[in-house]
Amino acid sequence: MDLKNKVAVVTGAAQGIGRAITLNLAQNGASVAVCDIDENLAEQTARELRETGFKAMACGLDVTRISSVEEMVKKILDKFDRIDILVNNAGITRDTLLIRMKDEDWDSVLNVNLKGVFNCTKTVSKVMMKQRVGRIVNIASIVGLMGNAGQANYSASKGGVIALTKTCAKELAGRNINVNAVAPGFIQTRMTDKLSDEIKNNYVKLIPLAKLGQPEDVANTVLFLVSDLSDYITGQVLKVDGGMVM
Ligand code: NAP
């Protein structure tokens, strides 16, 4: 994959899946903006990339605040002049059963996972529309397709991301901007490390490939969706779940 001269922005990029996506894009030639609410960790990731010879900058970013998103875009344009790739990856969970779910559990998850994608897509797509080229990849989840007990807020947010992906794909296609979603299954990160071994083992039983996914599995799919190999693909949801949902 040749992403030379492309500028990529990844949200929630300081760790987990976002970090793997950022490394993969940089290793394939892109200049990357490592954007995360944890600015220190984002700077650490960007520094590691620069020390290994890649072009990287860090941005503190709260996807829920439009002013923070606009500031991020300004910083990136000042440094790199353009934005070719946006990966909306920042996401959180606040799991509990519906009847116990507090308003703040609902609001915070919808705010980060869905409104955050709206804020970043709206702001960055204006830049891409002027350039008349761009790629947007939203990190959804298979629970946005199938639902999951204990995740009313999270599954609703990811279902919303899938619908938003399709709408944006239709609205932005005329400007040569492809918008797709990746729906990971069970990927080994800090987000899933919180779960008990019993829950993890029960998930593995439901996965035909009989193992948890790795952040790199998602990163490789994102790489495909931002590369020229996927020129004729837009509005799609690509599952990366070991065959869990077919
Ligand atoms: P993670 O390790 O928790 O990483 C998420 C990153 O996003 C963290 O650095 C987090 O910072 C940051 N973040 C949180 N709120 C933010 C905000 N308001 N603005 C900017 N950044 C923010 O999670 P992950 O497992 O890599 O998940 C990445 C994405 O994949 C998420 O969208 C998640 O829903 C999706 N996904 C994950 C799995 C899985 O099995 N792991 C499966 C399906 C989908 P803090 O830690 O400081 O909050």
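This is a predicted model: local features need pLDDT of at least 70, side-chain atom pairs count only at pLDDT 80 or more; totals for chains, interfaces and linings use all residues.
Residues are numbered from 1 along each chain as its sequence is written, and side-chain values use heavy atoms, with hydrogens and water left out.

A pocket here is an open set of points on a 1 Å grid over the protein atoms alone, where a 1.4 Å probe fits, with protein on both sides within 12 Å along at least five of seven lines; its volume is the space filled by probe spheres set on the points, which are joined across faces, edges and corners. Of the 49 lining residues, Gly-91, Ile-92, Thr-93, Tyr-154 and Met-191 are the closest to the centre of this pocket, lining residues being those with an atom within 4 Å of a point. Two or more residues each come from helices H1 (16-27), H4 (103-131), H5 (143-146), H6 (152-172), H7 (190-193) and H8 (197-205) and from strand S2 (31-36). Helices (H or I, at least four residues) and strands (E, at least two) are DSSP runs numbered from the N terminus. The lining has 24 nonpolar, 17 polar and eight charged residues, where Ala, Val, Leu, Ile, Met, Phe, Trp, Tyr, Cys and Pro count as nonpolar, Asp, Glu, Lys and Arg as charged, and the others, Gly among them, as polar.

H4 and H6 also pack against each other, with axes that come within 8 Å and cross at roughly 15°. Axes are lines fitted to C-alpha atoms, for helices over the stretch in contact, and angles run from 0 to 180 degrees between N-to-C directions. H4 is therefore roughly parallel to H6 (under 35 degrees; over 145 is roughly antiparallel, 65 to 115 roughly perpendicular and the rest oblique). Their contact (heavy atoms within 4.5 Å) includes Trp-106 and Phe-118 of H4 and Tyr-154 and Leu-164 of H6. By class, this contact has 14 nonpolar, six polar and two charged residues.

H1 packs with helix H2 (residues 39-51) at an angle of about 25°, the axes lying 11 Å apart; H1 is thus roughly parallel to H2. Arg-19, Thr-22, Leu-23 and Ala-26 of H1 make this contact with Thr-45, Glu-48 and Leu-49 of H2, giving three nonpolar, two polar and two charged residues.

With helix H9 (residues 215-226), H1 forms an angle of about 50° at an axis separation of 8 Å, so H1 and H9 are oblique to each other. Among the residues that meet are Ile-17 and Ile-21 in H1 and Val-218 and Val-222 in H9. The H1 contact with H9 has 10 nonpolar, three polar and one charged residues.
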